[in-house]
Amino acid sequence: MTTTVSDGDGCTIRQATRADLLAVFRIEKQSFPQPWPYAAFEDFLDEPGFLVAETDEGIAGYVVADTVPNGGRSLGHVKDIAVHPELRGRGLGRRLLDRALDAMRAQRASRVKLEVRESNEPALSLYREFGFKLQRTLPRYYDDGEDAYVLVRSLG
């Protein structure tokens, strides 16, 4: 399934391609103290939930989400999401997350989970806006010892 959505502001949300990987990796390195390796993105290239936000300037952000079987219905997992630091605050993360939820819903996911640093207030605010709720805390989840929150929401 190819997902391409363009709105009037010159931004297109579409399926990631191999040609996007270097730009995605650069945003990843600028966004996280513990970035994914380049090869990790390659592994998700065929996932309907690996989407990029493209503007006239190039790749502005991305989301990586997939689904796994879970007792007859799939469980969605938002694995990674980031927007270029210079382009934050414009709603790109919101649009990427919305399209990723649509992709997981299309794959019959009944629930979605994600992990987020407990200190990442901008991300926590976005996830709350989308109805994610705290399920549990994972102590010392990140290499620097910070805890992660596991957030979940229904897609019903």
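In the predicted model, Ala60 touches Ile27, Ala53, Thr55, Val83, His84, Leu87 and Leu92, residues up to four places away in sequence not being counted. Ala60 is found in strand S4, and because its relative accessibility is 0%, where anything under 20% is taken as buried, this residue counts as buried. Between Ala60 and Glu86, which are 26 residues apart in sequence, the C-alpha to C-alpha distance is 8.9 Å.

One of the residues touched by Ala60 is Ile27, which is also among the buried residues of helix H1. In this helix, which spans residues 21-31, the buried positions are Leu21, Val24, Phe25, Ile27, Glu28 and Ser31. Viewed down the axis of H1, these buried residues fall within an arc of 160°, and they therefore line one face of the helix. The elements that cover the buried residues of H1 include helix H2 (38-43) together with strands S3 (49-55), S4 (58-70) and S5 (73-83). Leu22, also found in helix H1, is partly exposed, with a relative accessible area of 43%. The C-alpha atoms of Leu22 and Tyr38 are 7.8 Å apart in space, the two residues being 16 apart in sequence. In the loop between H1 and H2 lies Pro33, which counts as exposed because its relative accessibility is 63%, the cut-off for this class being over 50%. Pro33 and Glu118 are 85 residues apart in sequence, and their C-alpha atoms are 14 Å apart in space.

Strands S4 and S5 each contribute a further residue to this description, Val68 being placed in strand S4 and Ser74 in strand S5. Val68 is partly exposed, with a relative accessible area of 39%, whereas Ser74, at 16% relative accessibility, counts as buried. When neighbours within four places in sequence are left aside, Val68 is in contact with Arg73, Ser74 and Leu75. The C-alpha atoms of Val68 and Arg117, residues that are 49 apart along the chain, are separated by 23 Å.

The phi angle of Arg108 is near 65°, a positive value in a residue other than glycine, and at 53% relative accessibility Arg108 counts as exposed. A positive phi, of about 50°, is also found at Arg140, although Arg140 is not a glycine. The place of Arg140 is in the loop between strand S7 (133-138) and strand S8 (148-154), and with a relative accessibility of 63% Arg140 counts as exposed.

The packing of helix H3 (residues 92-106) with helix H4 (residues 121-129) was examined next. The two helices pack at an angle of about 45°, and their axes are 11 Å apart, which makes H3 oblique to H4. H3 passes H4 in a right-handed crossing. The contact is made by Gly93, Arg94 and Leu97 on the side of H3 and by Leu126, Tyr127 and Glu129 on the side of H4. By class, the residues in the contact of H3 with H4 comprise three that are nonpolar, one that is polar and two that are charged.

Within H4, the residues Ala123, Leu124, Leu126 and Tyr127 are buried. Around the axis they cover an arc of only 160°, so that they are placed on the same side of H4. Leu126 and Tyr127, listed among the buried residues of H4, also take part in the contact with H3. The face of H4 that is turned away from its buried side carries Pro122 and Arg128, both of which are exposed. What covers the buried residues of H4 includes the strands S5, S6 and S8 as well as helix H3.

Methods. Residues numbered from 1 in each chain as written. Predicted model: local features only at pLDDT ≥ 70, side-chain atom pairs only at ≥ 80, totals over all residues. Heavy atoms only, no water. Buried < 20%, exposed > 50% of the residue type's maximum accessible area, 1.4 Å probe, protein only. Helix = DSSP H or I, 4+ residues; strand = E, 2+ residues; numbered from the N terminus. Arc of directions from axis to C-beta. Contact = heavy atoms within 4.5 Å. Axes fitted to C-alpha atoms, helices over the stretch in contact; angles between N-to-C directions. Parallel < 35°, antiparallel > 145°, perpendicular 65-115°, else oblique. Left-handed = near helix turned anticlockwise from the far one by under 90°. Nonpolar A, V, L, I, M, F, W, Y, C, P; charged D, E, K, R; others polar.
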